[in-house]
Amino acid sequence: MPSTPVPARPAHHTHSTPLPARTALLSRYTHLRDPASVLVTGWEPAGADTFLVQVRWPAAHGERPYDPRLLTQTVRQSGLVVAHAEYGVPLDHQTLLRSLDLTLAPDFPVPRGQAAALDVEVRVPDTGPRRRTGALAMDIRLRHRGTTVAAADTEFGWVSPAVYRRLRGPHPTVPWGQWPLPEPLPPALAGRATCGDVALSATGHPGRWLLRNDTANTLLFDHPVDHVPGLALIEAADQAAHALLTPTPLHPTSISTRYTRYVEFDAPCWIDATLLPAPGPGQFAAQVTGTQNGRHTFTTEFRGPTTPPPAHPTTRR
């Protein structure tokens with residue numbers, strides 16, 4: 001499959017761009033229309049094939065000290081900024097997310113109820129099997145006040161517009177938001193605050209839900225796209241795991257996702273969750289899978305403790 005080669009060294013640096021121009025540039029690099037959705041505030045080289053990305057999170061609320069959507073968006077946005085700004089990946093190329101592995105600190109020491117600044121280290125291996133044409137493997141570390149709170153192992157690939165059109169075949173466009181929107185699960189069962197945050201609908205079968213693609217949820221659907229975004233699928237998996245485990249709290253320390261095919265908007269996608277053998281005393285493991293038109297689309301596995309960590313104070317100076 002034709003694709004853009006990866007430069008051996010960073011192509012250019014734009015960390016000295018004036019703030020107003022950088023704000024617009026970051027929206028382009030992260031492929032987001034709503035400036036409020038852009039978490040990245042800046043970036044700079046930090047060594048050979050290593051970059052430091054500055055991120056700001058809004059205040060977190062709820063039973064977890066972080067919003068899972070902000071966590072995955074931080075990985076996505078940091079990777080895209082580095083790929084476009086430092087390795088010259090063309091802005092009109094389509095990004096392909098093949099896998100995402102997350103490891104979280106058990107106590108995730110980011111205080112609730114206040115905005116938080118994070119430093120994100122992105123390392124791009126420059127040799128070996130993880131560096132190949134048309135893709136960048138990335139090791140990503142999220143730090144808050146010098147403490148690593150999460151790590152991600154992922155790979156960003158990309159293809160040209162012509163290749164992507166051939167890849168998508170009969171699904172180049174969709175009538176945006178015109179599909180049926182089923183009733184949401186009760187927000188508390190999905191672990192979310194409002195009905196508008198819920199990505200699942202009940203089916204009457206234990207452990208099975210229907211994917212609910214509400215385009216009014218701008219955290220998941222910033223702009224029209226031709227398939228369900230990969231991060232929206234992780235969010236649906238998170239909600240399914242929460243519903244499966246209730247009343248046991250969902251506090252994963254490991255989240256691993258593999259994508260096998262696109263999820264379309266014009267057909268039902270079934271989300272199934274099941275418990276796996278516990279990896280040890282006081283631990284849980286759960287698997288969530290997506291199926292559309294009888295074909296597997298993605299798998300996400302969650303692992304972690306069955307009891308929540310001690311709560312951190314609301315504020316910390």
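Student: Which residues of helix 3 are buried?

Tutor: Helices and strands are DSSP runs numbered from the N terminus, a helix (H or I) having at least four residues and a strand (E) at least two. Buried means under 20% relative accessible area, exposed over 50%, and partly exposed in between, with a 1.4 Å probe and protein chains only. In helix 3, which spans residues 161-168, the buried residues are Val 163, Tyr 164 and Arg 168.

Student: What covers the buried residues of helix 3?

Tutor: The model is predicted: local features need pLDDT of at least 70 and side-chain atom pairs count only at pLDDT 80 or more, while totals for chains, interfaces and linings use all residues. Residues are numbered from 1 along each chain as its sequence is written, and side-chain values use heavy atoms, with hydrogens and water left out. The cover of these buried residues includes strand 3 (94-104) and strand 7 (147-159).

Student: Is Leu 102 buried or exposed?

Tutor: Leu 102 is located in strand 3. Contact means heavy atoms within 4.5 Å, and beyond four places in sequence Leu 102 touches residues including Leu 71, Ala 151 and Ile 255. Because its relative accessibility is 4%, Leu 102 counts as buried.

Student: How many Å apart in space are Leu 102 and Ser 254, C-alpha to C-alpha?

Tutor: Ser 254 is among the residues that Leu 102 touches. In sequence, Leu 102 and Ser 254 are 152 residues apart. In space, their C-alpha distance is 5.7 Å.

Student: What is the angle at which helix 2 and helix 5 pack?

Tutor: Two packed helices are described by the angle between their axes and the distance between the axes. Helix 2 (residues 68-87) and helix 5 (residues 230-245) have axes 10 Å apart. Residues including Thr 72 and Arg 76 in helix 2 meet residues including Ile 234 and Asp 238 in helix 5. The packing angle is about 150 degrees.

Student: What is the average pLDDT of the protein?

Tutor: pLDDT is the predictor's confidence in each residue, from 0 to 100. Over residues 1-14, pLDDT stays under 50, and 88% of the residues score at least 70. The protein's average pLDDT is 88.

Definitions and conventions:
Axes are lines fitted to C-alpha atoms, for helices over the stretch in contact, and angles run from 0 to 180 degrees between N-to-C directions.
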